[in-house]
There are 2 protein chains.
Amino acid sequence: MKRPLTVKTLEEAKSELSKYWKPETETETVTLSRAHGRTLAAGVDSKINLPPFRRSVYDGFAVIAEDTFGAEEDDPVELELIGAVHAGEDPEVRVEEGTCVEIATGAVLPEGADSVVMVEDTSRVDEKVEVRRGVSPGENVSEEGSEIEKGKNIAERGQKISPQIHGALSAVGVQEVLVVKRPEVAVISTGEELVEPGQKLDRGKIYDINGRTISDAVSLCGCEAHYLGIVGDEGSKIERLLRSAISEHEVVITSGGSSAGSKDIVPETIDGLGDPGLVVHGLAQKPGKPALIGVVDQKPIFGLPGYPVSALMVFDQIVAPYLRTMSGVPEPKRENIEAEISRKVLAAKGRRQLIPVKVSGGGGNAIAQPILEGSGAITSLAAADGYIEVSLNREILREGEDVIVKLFGGS
Amino acid sequence: MKRPLTVKTLEEAKSELSKYWKPETETETVTLSRAHGRTLAAGVDSKINLPPFRRSVYDGFAVIAEDTFGAEEDDPVELELIGAVHAGEDPEVRVEEGTCVEIATGAVLPEGADSVVMVEDTSRVDEKVEVRRGVSPGENVSEEGSEIEKGKNIAERGQKISPQIHGALSAVGVQEVLVVKRPEVAVISTGEELVEPGQKLDRGKIYDINGRTISDAVSLCGCEAHYLGIVGDEGSKIERLLRSAISEHEVVITSGGSSAGSKDIVPETIDGLGDPGLVVHGLAQKPGKPALIGVVDQKPIFGLPGYPVSALMVFDQIVAPYLRTMSGVPEPKRENIEAEISRKVLAAKGRRQLIPVKVSGGGGNAIAQPILEGSGAITSLAAADGYIEVSLNREILREGEDVIVKLFGGS
């Protein structure tokens, strides 16, 4: 190590990281039809008038309003039918005094006409149309640009492309949009004992968990997760994988191999990769002692604990907010809920503590059930809906006390 | 038409459809690493013991507990160090009386040893280890199967594969899971006046909206949306596209071309496709008069209105619940919220009415602002967060009245 590193509080760790790296959003242009769910990086103005032409609001007959003045149920006006305009057609017919043209909803109003008589207010006899209700100029007609004028703003920067926004952008013919780029995030599991699920399990080996769990959690933060697999405890292999991960991704996340044991060479490998190297080694909280943060080539490397529920909690607490800033994805709306804690909890003295909990009930009556350390890595991981934070000046939480549960994304 | 069809209430329409078709879930086997977010169609039991071997819980020394009995801070026991076991190794060394083996967290407990002394309770001098705190048999050791016994249930049918469940399934080496199949849904826009966004807009044409909006809404219901494009008002083309859509998808959704105008040939085309053909033509609600439902080859065809916000409301009301049943996706948790209506609304007499609204505020103080019909297709679509239902016996909603807003998915 180039310098001695001491355990830091979460706030100190973030402040240290901010000296070398800040999360930034990048943008990219994508085809609108593939942009569902993405976040707009720029507002969109309409390049066309909508409707793009003067059109009929109903099925009926295009007329000159003046011809229909005074028409009533028992005193209809008779007009000569000289043609028809269907939706999608560019009409060549022209309405002259005393004539009318059949017209469909949404069809172009033909030259000469200034209004539309609804079909239910007419009777047709051969090539004649009886109009039983007069219209005024412009009636039942939608003017060019009356809904959206060319140049009008359709969607704003920062808006998520919902089905409705997608529809509105389609309506004005948008084909490509500038959206916030999904950050590319590398996920690496470290540990000589790890094997990919489904592979042969030799004696002494266990299946990897964190590669899958953390990749999914990264996706839920609006990023592209690239799981690069398992690397053993050999320094040169870790170094090679980390170098390639940094060169091809914007953020690198490792798990395991970060404590002070003889085989935990991840911290020193990161420190040897470049300047400033390792900037945080150990958080003053439980879990988090083996957490680490490095910066190499202006990109952050986050090292999570190996224990799965600890890895997920530390990810959620430290890494997820940075990823969401980069991806433009808002915090999940259900992230924090109030609950009563189901039993007394003794917390670590003088250290912030994260305790995984299972949540039952809801709507003001939620119960948070702490998951005990002894319950094992998998049982506690599968059961955990989120976690509570116990501040460093609290040693006991009373049964029934109100707590805030930070829910894991995807719960 | 083979028989006269009359306008039906929503309930009658559903009941009519249920005579010919019921939504069913199908299942498929997928690789676990691609199953994030999917719904399990069967519970999963562990095929292995976890841990799969007797392992150390801490970094330390594997010992025979009896050798350490009576060891204290000022009266340590000295043991001979005869080897080391790292994580992931299958140890060949055997602990005999008076000896110990260095061991890493998670490593296999070597033969002969029955417990582990934590590294902080020892001092090492050359090939000797001083133990300053005695342990009892089994201390700091995790037995094979102590966390999960072979055959134990890991995840239940109907559970969504969250990051945590994904991790738990990985831990027991699961490589493939049986999940609910995403229904394949075809989406078709009809109308001679429609053009794909980004294409040239000839006079009389407008850009299609519903193809994109409805496809996205279908995806949010956990289905695979296949947008098949725009088809004009030519019967033979509509027939050909519908036939291929039915043969390759489980549900078909069209929009537009379903009212009683002369060019609205979608209903009769559906009716001619097979038995029973068209089963619902028109809903006794506003909007919904042009909505239609057909059944061909035991598969449903839903025809939505052409007006975009109406299409989305009718989709949400009728089609979405069927799609969610098929895909196993639960109703979105935020689907219904309470709000105060911002202004007086006059509703249609004797008909159920759906009114699009924009929601502002929240947390018990939400305001639902009705979107007026005159505000245009795009403006109202982009602004609408959801809709309220006004029952057929209500004609007036008072300003400030409490209403339930059904939120669109993805809002």
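Keep in mind that the model is predicted. Chain A carries eight helices and 28 strands, and 68 residues of chain B are in contact with 67 residues of chain A. Helix α4 is the one to watch: α4(A) packs against α3(B), and α3(A) packs against α4(B).

**Chain A overall**

- Start with the inventory: there are eight helices in chain A, along with 28 strands.
- Along the principal axes, the C-alpha atoms of chain A fill a box of roughly 100 × 50 × 45 Å.
- As for burial, 52% of the 411 residues in chain A are buried.
- Among the contacts in chain A with a separation of 6 or more, 71% come from residues 24 or more positions apart.

**Where chain B meets chain A**

- On the chain B side, 68 residues are in contact, and they meet 67 residues of chain A.
- Several elements of chain B each supply at least two residues to that side: α3, β15 (206-207), α4 (210-220), α7 (308-327) and α8 (377-383).
- The top contributor is α3(B), which gives eight residues.
- Sorted by class, the side of chain B that touches chain A has 32 nonpolar, 23 polar and 13 charged residues.

**α4(A) against α3(B)**

- The axes of α4 (residues 210-220) of chain A and α3 (residues 163-171) of chain B come within 8 Å, crossing at roughly 165 degrees.
- Since an angle over 145 degrees counts as roughly antiparallel, α4(A) and α3(B) are therefore roughly antiparallel to each other.
- The crossing of these two, α4(A) and α3(B), is right-handed.
- From α4(A), the contact uses Arg212(A), Thr213(A), Asp216(A) and Ala217(A); from α3(B), it uses Pro163(B), Gln164(B), His166(B), Gly167(B) and Ser170(B).
- By class, that contact has two nonpolar, five polar and two charged residues.

**α3(A) against α4(B)**

- Here too the axes come within 8 Å and cross at roughly 165 degrees, with α3 (residues 163-171) of chain A set against α4(B).
- α3(A) and α4(B) are therefore roughly antiparallel to each other, and their crossing is right-handed.
- Pro163(A), Gln164(A), His166(A), Gly167(A) and Ser170(A) of α3(A) meet Arg212(B), Thr213(B), Asp216(B) and Ala217(B) of α4(B).
- The residues of this contact split into two nonpolar, five polar and two charged.

**How α4(A) is covered**

- α4(A) is mostly covered, with 10 of its 11 residues buried.
- The buried set includes Arg212(A), Thr213(A), Asp216(A) and Ala217(A), which also make the contact with α3(B).
- The cover over those buried residues includes β13 (184-190), β16 (224-231), β17 (251-255), β21 (299-304) and α7 (308-327) of chain A, plus α3 of chain B.
- After α4(A) comes Gly222(A), with a positive phi near 80 degrees.

**α4(B) against α7(B)**

- Within chain B, α4(B) and α7(B) pack at about 25 degrees, their axes 10 Å apart.
- That makes α4(B) roughly parallel to α7(B), and the crossing is right-handed.
- Asn210(B), Thr213(B), Ile214(B), Ala217(B) and Val218(B) of α4(B) meet Pro308(B), Ala311(B), Leu312(B), Phe315(B) and Leu323(B) of α7(B).
- This contact has eight nonpolar residues, two polar and no charged.

**Two loop residues of chain B**

- Ser46(B) sits in the loop between β2 (44-45) and β3 (55-56) of chain B.
- Ser46(B) counts as buried because 23 other C-beta atoms lie within 10 Å.
- Leaving out neighbours within four places in sequence, Ser46(B) is in contact with Ile148(B), Lys150(B), Gly151(B), Lys152(B), Ile154(B) and Val172(B).
- Ser46(B) and Lys160(B) are 114 residues apart along the chain, with 18 Å between their C-alpha atoms.
- Ala348(B) lies in the loop between β23 (345-346) and β24 (352-360) of chain B.
- Ala348(B) is partly exposed because it has 15 other C-beta atoms within 10 Å.
- Not counting residues up to four places away in sequence, Ala348(B) touches Lys286(B) and Gln353(B).
- Ala348(B) and Pro91(B) are 257 residues apart in sequence and 81 Å apart in space, C-alpha to C-alpha.

Note on methods. Residues are numbered from 1 along each chain as its sequence is written. Chains are lettered from A and ligands numbered from 1 in the order in which they are written. This is a predicted model: local features need pLDDT of at least 70, side-chain atom pairs count only at pLDDT 80 or more; totals for chains, interfaces and linings use all residues. Helices (H or I, at least four residues) and strands (E, at least two) are DSSP runs, numbered from the N terminus. A residue is buried if 20 or more other C-beta atoms lie within 10 Å of its own, exposed if 12 or fewer, and partly exposed in between; C-beta atoms are placed from the backbone. Two residues are in contact if their C-beta atoms, placed from the backbone, lie within 7 Å. Axes are lines fitted to C-alpha atoms, for helices over the stretch in contact, and angles run from 0 to 180 degrees between N-to-C directions. Angles under 35 degrees count as roughly parallel, over 145 as roughly antiparallel, 65 to 115 as roughly perpendicular and the rest as oblique. A crossing is left-handed if the near helix is turned anticlockwise from the far one by less than a right angle, and right-handed if clockwise. Ala, Val, Leu, Ile, Met, Phe, Trp, Tyr, Cys and Pro count as nonpolar, Asp, Glu, Lys and Arg as charged, and the others, Gly among them, as polar.
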